Amino acid sequence: MLPSPAAVQAQWAAEHPGLDTSPGEIIELLKRINGLLIQAIEPIYEGAPLAAHEADLLIPLRYARTPVIARHIAEHHGLSRAAVSKTLAKLECRGYISRTPSPNDRRVALITITPEGEKVIDAFFPRQLRVEAVLLAQLDEDRPRVLDALTLLANSLKAGLSSAVSTD
């Protein structure tokens, strides 16, 4: 059995005095939460015509009022442009999105969801929402506090991102 995150942090601190292991408290929880979400959501997409990570890109496209570009999708989801481009290519091949060259910049593609993409996301996203509602049901009156804390955390991570990348 693996040691608890607190035990790992204590061991690192004991063997490396002066090393600030406190960020691990939050990061370990985030990784655990992400893992739990994956465990709950992935079964919805087993045998489906798309994967959960592909649905994540289609969901905001479903009601986008104007075409979007891949860079904005990558920024919105906190993903690399390469990962988004690869996923969009797969979605385009299956007819779930269309990409057309931007009239302003031929290097940029304007992305829209197709009627087939709308159909598939309309079939699966409500299922995903039902699972997410069950996962979060115990929050009750703590929900606004959790949302505030997560918003603060997301903003902190975003603000620290450029500094973190450049300190390597």
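In the predicted model, Gln 128 touches Ile 41, Ile 44, Tyr 45, Asp 56 and Ile 59, when residues up to four places away in sequence are not counted, a contact being heavy atoms within 4.5 Å. Gln 128 lies in helix H6, which covers residues 115-136, and with a relative accessibility of 5% it counts as buried, the term buried meaning under 20% relative accessible area with a 1.4 Å probe and protein chains only. The side chain of Gln 128 also makes a polar contact with the side chain of Glu 132, at 2.9 Å; a polar contact is a pair of N or O atoms within 3.5 Å, of which, within protein, one must be able to donate a hydrogen and the other to accept it, and residues adjacent in sequence count only if both atoms are side-chain atoms.

The chain has seven helices and two strands, where helices (H or I, at least four residues) and strands (E, at least two) are DSSP runs numbered from the N terminus. The radius of gyration of the chain, 20 Å, is well over the 15 Å that the globule rule gives for 168 residues, so the chain is more spread out than a compact globule; the radius is taken over C-alpha atoms, and the rule is 2.2 Å times the number of residues to the power 0.38. Of the 168 residues, 19% count as buried.

Residues are numbered from 1 along each chain as its sequence is written. Local features need pLDDT of at least 70 and side-chain atom pairs count only at pLDDT 80 or more, whereas totals for chains, interfaces and linings use all residues, and side-chain values use heavy atoms, with hydrogens and water left out.

Methods
Buried means under 20% relative accessible area, exposed over 50%, partly exposed in between (1.4 Å probe, protein chains only).
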